Every structure is written in structure tokens, then in C-alpha cells.
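Hi everyone, thanks for coming.

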Amino acid sequence: MSKKVVTLGEIMMRLSTPGFERFVQSDSFDVTYGGGEANVAVAVSNYGLNGVFVSKVPDNALGQAAINHIRRYGVDTQFVAKGGKRLGIYFLETGASMRASQVIYDRADASIADVDVSEFDFDKIFEGADWFHTTGITPALSDKAAALTEAALKAAKAKGITTSIDLNYRKKLWSKEKAREVMTNLCQYVDVCIGNEEDAETTLGFKAEGTDITKGELNLGGYKSVFQQMKEKFGFKYIASTLRESHSASDNGWSALVYDGNEFYHTKQYQVRIVDRVGSGDSFASGFIYGLVTGMPMGEAAEFGVGASALKHTIPGDLNHATLSEVQTLIKGDASGRVQR
């Protein structure tokens, strides 16, 4: 029987300009749906696991469209509550070369922000579950969403389910001070902590010395020190960080670091030509979760996550549609991109 991975968070409508057009020049938008935790649910379902997504959407056609979009990829959406005012939206302008991508949020008063713990039966949701995953985006949406996130983490821990969180700091949603207060509290219920160096510094106060991703400077020793401090404070079983070397908006170096209190492991680095980087962190998280929940050693799980997320950079949209066999082929060393006939 496949492993059951439950995720909780917001799903939004994404409106992106076609190609590399700027907002001011575009006359139309491409429509898709996504969100940190929804992206993870889709990816693990794609790898053959039982992905379950928990959320709240408005009881209208747009809310149903969001549900339909991820359900088509095998995600169990039976625990998505309906109600509230609206579906959140974000607008994306994809950057290129030295021009950065731009995101504009229109998610105030989204249904998931006006949520109550009583709307969800966690005994039923977590029945037979092996893993629970959420992110720092959800508690940033409102105090009610933060309370829901805490209740879910507590319920999962009480049942002995492995819990993970992707720190995912979003400065447009809350202040550093509020983020640090809330996330420090939530992390006491977390087994696996995932995030990049900026997230770790902003949300938990741990800074990797000697690292400047804009200049391509990575000090791995600084990361190890940070991981050791995080391990000491929160007792995480695993800590993982993606490493992005931003040469430009089009070309990045991509790898990851993981730590279990003993081994400090740096994965292979990929040089990626970016088609769409939105959701790349989620694709690493889902790949790492897939590896761990199916019994891979930490290093192998991290390599799977990095390979999966390297492929995600080549796929438009929030979701990672890379197949299990494609990820396995890549991590075995075939990055030629040759036509498969």
C-alpha cells in the first residue's frame, strides 16, 4: 500500500504573462493553479504516493476549478473545506537574463485566511497517514490560519506521524518579527525542516556566515554551523536547505545541503536554464519527502529531491510534472536532454 502524505495550505489562481512579456505590455494572462503545499501534494502523487491536500476554497466555480486542477493529477481533495469570500490570486511576470521575475499578490480575504480549526476532522484526515507537510506561507496568511497550522502539527505529532515544514518566508505577507515569533513556536512540532539560507535567517534567526547568493558565494561551513544550531534548539531529525547560485534570472546553479546531526551532505550541483522557477523549492521538498518516506538514506533522498527540482525549473507552471523515471535517469547521470524516441 502506498505511503500517505498529507499537506495543508492555500491554493491560488496564478495569472502569468505569456512568454516573457511584462505586465505593462501584456493583453492576456495564462491561467493555472498552485500553492506551496498543493504543489507538494501533486508531486508526491505523481511519484505514486497517496497525496492528500487540506485547504479551504470559496464555494463557487473558481474554488471548484482549483480543486479540479490538482485532482486531475491524483490528489485526494476530499478534505478541502468550502466557504469564505474568495480564491487568492497571484500575478507572475517571468524574468530573463538580468531582469528578475515579479510577483504581485491579490490574496487578501482569501477563504483559507478565514478558517476555523473546527472545520477539519484531523482524526479522519490523518487516518493511515505517514507524513504531514506544511509551509511558513500558511501561518503568514492570518492568525486563524496560523492556529490551524499549529493544530494540524499537534494532531500529527500526537499520532506519531512525521512532520515537515518548509520555512518559506514571504515578506509581502508578514513582518520578520511576526514570522520569527510564530515559526519558532510551530517548529517545536516539526521533525524535518526545509528552507533556504534567507528563510532560516529571517524566520528562525540563524545566519550562514560568508554566503551571498547574489554574488555566487557559498560558505558550506557556515551552513553546517547553522544546521547544528537549529538541531540543538529544535531537535529536528533532518534539516535541509536548497542552494541557489543566481548567475541571472535565466541561469542558476542548484544543489542542496542536508544534515541529520551526524552527516552533513552536499548534493550534486546542476546548472539549470530556467523556464519557470516558481515551485522549485516545493519540488525539492516533495522529492526529499518521497525519498525519506519510502526508506531512502538521507543522501539519496536529497539527491532525488535536487534532481526532481532541477527538472521542475524546465517545466512551466507551479507543478512539477517530472516523472519518477525521469528523475531517476537524471540522478544516475544522464543530463543530456537528448530526444527520447
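Predicted model: local features only at pLDDT ≥ 70, side-chain atom pairs only at ≥ 80, totals over all residues.

**A quick tour of the chain**

Residues are numbered from 1 along each chain as its sequence is written, and side-chain values use heavy atoms, with hydrogens and water left out.

Now the overall picture. The chain has 11 helices and 14 strands; helices (H or I, at least four residues) and strands (E, at least two) are DSSP runs, numbered from the N terminus. For 341 residues, a compact globule would have a radius of gyration near 20 Å, and this chain has 19 Å, so the two agree. That radius is taken over C-alpha atoms, and the globule rule is 2.2 Å times the number of residues to the power 0.38. The C-alpha atoms fill a box of roughly 50 × 45 × 45 Å along the principal axes.

How much of the chain is buried? Of the 341 residues, 55% count as buried, meaning under 20% relative accessible area, with exposed over 50% and partly exposed in between (1.4 Å probe, protein chains only).

Helix H1, residues 36-46, is mostly covered, with 10 of its 11 residues buried. Among them are Gly36, Glu37 and Val40. Just after H1, Gly48 takes a positive phi of about 105 degrees.

Next, Lys159, which sits in the loop between helix H5 (143-158) and strand E9 (162-166). Its relative accessibility is 41%, so Lys159 counts as partly exposed. Setting aside neighbours within four places in sequence, Lys159 is in contact (heavy atoms within 4.5 Å) with Phe122, Asp123 and Phe126.

Last, a helix pair. The axes of H6 (residues 176-186) and H7 (residues 197-204) come within 7 Å and cross at roughly 90 degrees. Axes here are lines fitted to C-alpha atoms, for helices over the stretch in contact, and angles run from 0 to 180 degrees between N-to-C directions. On the H6 side, the contact includes Lys176 and Met183; on the H7 side, it includes Glu201 and Leu204.

That's my tour, thanks!
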